Amino acid sequence: MHPPQGSACPPITADDATIEQSLRDANIPALLNALAHLTGDLELIRGVKLDTSFLADAQGGVPEAEQGRIRKLALDALRRYRDAGSPTPKPLSSDTTHELLKFIAGGEVPANYVEFLESELAINEEDAFAPPSLSNVPTSAKEKFRVAVIGAGMSGLLAAIRLQEAGLPFVILEKNADVGGTWFENTYPGCRVDSANHTYSYSFEPNDWPQHFSQRKVLHGYFAACARKYGLRNHIRFRAEVTLSEWDDKRALWRIHVKTADGKTETVEANAIVSAVGQLNRPQFPDIPGQDRFKGPSFHSARWQHEHPIAGKKIIVIGTGASAFQFVPEIAKVAGDVTVFQRTPPWIVPNPDYHADIPAGKHWLLKYVPYYASWFRFSVFWKSAEGLLSFVKVDPKWHNQPYSVSEQNEVLRTMLIENIKAIIGDKPELIDKSIPSYPPGGKRMLIDNGNWLQTLRRDNVHLVNDPIKEITETGVLCASGKRYDADILIYGTGFTASRFLTPQKFLGRGAKDLHQTWNGDARAYMGITIPGFPNLFCLYGPNTNIVVNGSIIFFSECEVRYIIGCLKLLLEKNQAAMDCRKDVHDAYNRKIDEGNLQMAWGSPHVRSWYKNAAGRVTQNWPFTLLEFWDQTKAPSAADYTFTRKEATA
Ligand code: NAP
């Protein structure tokens, strides 16, 4: 599963024809940097200017003829490299790395970015998000410190891998019968990752992905393989659902109540909890009366009932979010009739590679050309990193609110509308329904290769904007009085995302209830720690979600590094508990709120699951990835109050 990086690439033994053929599938920006890296010849990149803006193509706007010239140079260089016995490339100097970074980023890279990018790129074969070493902590102290990780999805497995590296004992409590979290639970047709796969993977476990956006089974296989490789399965208690965690101040530990497969409740004790329960796994059913009246099968997209065949059936789908966007095109291929109820249309970002396989040549390059995989990951990362942020930042003086939030946002809006019209331009009624009346970036934009809009053109698919008044025995009744009947009703209505950490209960210091404390308005410091709840660390907690930049794995890697840093502080200082200072937490959250109000998703004209009932954005990180990376590099002891073991005994 791991294509080798740099010096670990297998030697090239392929003939010239294979190399030449493979180069036809090359990503030119990644190839150029890999060549310059391999040969040390920076002249290779000096005459080329890349366009890496969000609107540019994947080849950085390099003209076809120029691409041909680059491929020829690459063929010569790779032949020489092969004929010389594939020698290990020399490490890069900082200056060279900086020049290569600037080149592939398509312009100046601010100095404070370089360290961050070098790390993300792992170009010098460092472990990009390596947590700090706990080698100063006596082994006996580490052995006595026990961590409970709740959840064996992407972030829980990551936490476990890093805890293991740090030498800290841990147990993983997982409610499901297998690892993988969202990739285990979501089995709906068409389910695939909608972040580019080469960045939606652990930085230290690059994978030879079959597709640019792989399907759910592949994702599940990847996380299961990681769990096996790191020997995590022995640490996981499956079908063990945490219901209540109580902080015992005297003993400075959490008492965790776990419902086991046989219905019994057990108690697990741990010095610290890492909550890795995700945000998007508790189905949200709409606020529409009559849901229990429907006589046929009805289910939520995340609880797909495969025993009910779709073929030939009349289907009603409620919702047009990321999940429906993936399953509607699949079921439309076999269903008799699909009526999709849309409350708000999504913005669609065109990407021709959305369903495409990684071509054979690219697999070859990823495997054999030193550092090609790293530079390819970087070029994918860069385009999805900060590039889009400026397009979704609010200009308070902008005149076209609520349709767009700035001039740049209007440019994006125009481009996205053109894409819609290119596919359904001959269907004016569909166009009207498909153009959102809120700014791009107000909600997560959905990647598409035309599949969704083509599906809406089908004779057996009907897009309905009429609000649903109630669900009946046979289908739905709309506000207009019109009725629609169906054999099967599918809810693509999302998740109760803003109810973080529910339905678990947490009782912190003084038996303070976490959910009463939050009162529907979840907040945390860095999204990780919460005053009054010592030694509780959240992954994918409040305000760590993203709308347009980065991948959740990036955030989890930053958070896990920070958490291991916290445990190091605790153990090196010979302390038993650390509790986030309320003033620090509050100031941080004020900054987050101000930031979110300046982004399209904070706009008062947008309704989304990013906001809680009071309208506050509880989900999103409003700043750059660099800022999150920077703030979570290492914890500051000054942000916490510590309690000694003696004082708690
Ligand atoms: P979602 O984005 O919250 O979409 C829910 C849909 O249901 C929206 O279209 C919503 O309309 C609609 N809805 C809710 N109540 C309704 C009602 N009463 N009447 C009509 N429509 C109603 O949920 P999701 O599609 O499951 O996606 C949630 C998140 O999960 C995504 O944003 C993404 O982060 C993640 N996800 C990722 C992937 C992936 O990577 N492959 C796939 C799926 C999901 P409104 O917009 O008007 O509220």
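These legends describe close-up views of a predicted model. Local features need pLDDT of at least 70 and side-chain atom pairs count only at pLDDT 80 or more, while totals for chains, interfaces and linings use all residues. Residues are numbered from 1 along each chain as its sequence is written, and side-chain values use heavy atoms, with hydrogens and water left out.

View 1. Helices are DSSP runs of H or I with at least four residues; strands are E runs of at least two; both are numbered from the N terminus.

View 2. A polar backbone atom of alanine 322 is 2.8 Å from an oxygen atom of the ligand. For a polar backbone atom of threonine 320, the distance to a ligand oxygen is 2.9 Å. Arginine 607 uses its side chain: an N or O atom there is 3.4 Å from an oxygen atom of the ligand. On its own, the ligand has 900 Å² of accessible area, and the protein covers 85% of that (Shrake-Rupley method, 1.4 Å probe; for residues, only the protein chains shown count as cover).

**View 3. Lysine 611, buried without a salt bridge.** Lysine 611 sits in the loop between helix H19 (582–597) and helix H20 (625–631). Lysine 611 is buried and has no salt bridge. Buried means under 20% relative accessible area, exposed over 50%, partly exposed in between (1.4 Å probe, protein chains only). A salt bridge is a side-chain nitrogen of Lys or Arg within 4 Å of a carboxyl oxygen of Asp or Glu. Backbone oxygens lie within reach instead: that of valine 606 is 2.6 Å from a polar side-chain atom of lysine 611, and that of serine 603 is reached at 2.7 Å. Contacts (heavy atoms within 4.5 Å), not counting residues up to four places away in sequence, include Ser498, Trp601, Pro604 and Arg616.

View 4. Glutamate 185 is buried, at 13% relative accessible area. Its side chain meets that of lysine 175 in a salt bridge, 2.6 Å from N to O. Glutamate 185 lies in helix H9 (residues 182–185) and lysine 175 in the loop between strand S2 (170–173) and H9, so the pair ties together parts 10 residues apart in sequence. Lysine 175 is partly exposed, at 39%. Glutamate 185 also forms a salt bridge with arginine 303, with the closest N and O atoms 3.7 Å apart. This pair links distant parts of the chain, 118 residues apart; arginine 303 is in the loop between strand S8 (298–300) and strand S9 (314–318). Arginine 303 is partly exposed, at 38% relative accessible area.

**View 5. Glutamate 205 and lysine 229.** The closest N and O atoms of this salt bridge are 2.7 Å apart. Glutamate 205 lies in the loop between H9 and helix H10 (216–229) and lysine 229 in helix H10, so the pair ties together parts 24 residues apart in sequence. Glutamate 205 is buried, at 1% relative accessibility; lysine 229 is partly exposed, at 46%.

Notes. Lys, Arg positive; Asp, Glu negative; His and termini not counted. Polar contact = N/O pair within 3.5 Å; in protein donor to acceptor, adjacent residues only side chain to side chain.
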